Amino acid sequence: MEQSFIMIKPDGVQRGLVGEIISRFEKKGFSLRGLKLMSVDRAFAENHYSDLAGKPFFNGLIEYIISGPVVAMIWEGKNVVATGRKIIGATKPVDSDVGTIRGDFAIDVGRNIIHGSDSVESARKEIALWFPEGPVNWQSSLHSWIYE
Ligand code: UDP
Ligand code: MG
């Protein structure tokens with residue numbers, strides 16, 4: 001089953017949105033396979049965002065991600081990568097639809113609350129970086145009520 005790496009950024013933690021965000025993924029029917037509150041250092045954040053090195057916003061982005069604890073998660077389910085991006089909303093909150101996490105709770109792109117993997121391949125890399133111990137292995141007893 002497909003997995004995505006989802007991270008609540010420091011502003012989402014500070015603003016008390018952890019429960020709300022977890023609830024949206026849970027209520028959709030996705031399964032939580034990893035969850036931890038952690039602070040990351042500069043080298044770790046730069047590794048996570050290595051594809052964006054050289055962008056004008058890169059240094060500000062790294063300062064933002066290391067400015068406080070983040071909630072790192074693995075969510076599992078059919079099409080969870082693409083659907084997770086829909087739940088999160090467009091990168092710039094000005095373009096994010098109402099009803100998405102960024103559309104409902106964010107204003108500035110540099111304080112957009114949450115990260116989600118943009119492809120199955122980046123999910124695989126991000127899960128390996130953030131969860132070297134691997135996902136927790138369990139299956140929800142609701143499985144047959146969510147999948148036909
Ligand atoms: N970002 C920014 N300014 C920009 C574009 C991106 O501060 O003009 C930040 C923003 O926090 C975004 C992150 O960099 O979530 C990663 O950018 P990406 O294009 O990967 O967007 P995402 O995948 O998070 O939607
Ligand atoms: Mg991205």
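This report describes a predicted model of a protein chain, from overall form to single residues.

## Basis of the model

Residues are numbered from 1 along each chain as its sequence is written, and chains are lettered from A and ligands numbered from 1 in the order in which they are written. Local features need pLDDT of at least 70, side-chain atom pairs count only at pLDDT 80 or more, and totals for chains, interfaces and linings use all residues, while side-chain values use heavy atoms, with hydrogens and water left out.

## Overall fold

The protein chain has 8 helices and 4 strands. Helices (H or I, at least four residues) and strands (E, at least two) are DSSP runs, numbered from the N terminus. In sequence order the pattern is β-α-α-β-α-α-β-α-α-β-α-α.

The C-alpha trace spans about 45 × 35 × 25 Å along its principal axes. The radius of gyration, taken over C-alpha atoms, is compared with a globule rule of 2.2 Å times the number of residues to the power 0.38. For 148 residues, a compact globule would come near 15 Å, and the protein chain agrees, with 15 Å.

## Burial, contacts and charge

Of the 148 residues, 45% count as buried. Buried means under 20% relative accessible area, exposed over 50%, and partly exposed in between (1.4 Å probe, protein chains only). The accessible surface comes to about 8200 Å², and carbon and sulfur atoms hold 53% of that. These areas come from the Shrake-Rupley method with a 1.4 Å probe; for residues, only the protein chains shown count as cover.

Contact means heavy atoms within 4.5 Å. Among contacts between residues at least 6 apart in sequence, 78% join residues at least 24 apart. The chain has 17 positive and 18 negative charges, and their mean positions are 1 Å apart. Lys and Arg count as positive and Asp and Glu as negative; His and the chain ends are not counted. Each charge is placed at NZ of Lys, CZ of Arg, CG of Asp or CD of Glu.

## Helix H2

Helix H2 covers residues 18-28, and its buried residues are Ile21, Ile22, Ser23, Arg24 and Phe25. They pack against strands S1 (3-8), S2 (31-38), S3 (70-76) and S4 (114-116). They also pack against helices H5 (80-88) and H6 (101-105). Gly29 follows H2, with a positive phi near 120 degrees.

## Aromatic pairs

The structure holds 4 aromatic pairs. Rings of Phe, Tyr and Trp (its six-membered ring) pair if their centres lie within 6.5 Å; planes under 30 degrees apart count as stacked, over 60 as edge-to-face and the rest as tilted. Phe5 and Phe131 have ring centres 6.5 Å apart and planes at 65 degrees, so this pair is edge-to-face. Phe5 lies in S1 and Phe131 in the loop between H7 (120-130) and H8 (143-146), so the pair ties together parts 126 residues apart in sequence. Phe5 is buried, at 0% relative accessible area. Phe131 is buried too, at 4%.

Phe25 and Trp75 form a stacked pair, 5.6 Å centre to centre with 25 degrees between the planes. This pair links H2 to S3, 50 residues apart. Both Phe25 and Trp75 are buried. Ring pairs also join Phe5, Phe44, Trp130 and Phe131 into a cluster.

Asn79 has a positive phi near 60 degrees and is not a glycine. Asn79 sits in the loop between S3 and H5. Its relative accessibility is 47%, so Asn79 counts as partly exposed.

Ile113 is not a glycine either, yet its phi is positive, about 75 degrees. Ile113 lies in the loop between H6 and S4. With a relative accessible area of 0%, Ile113 is buried.
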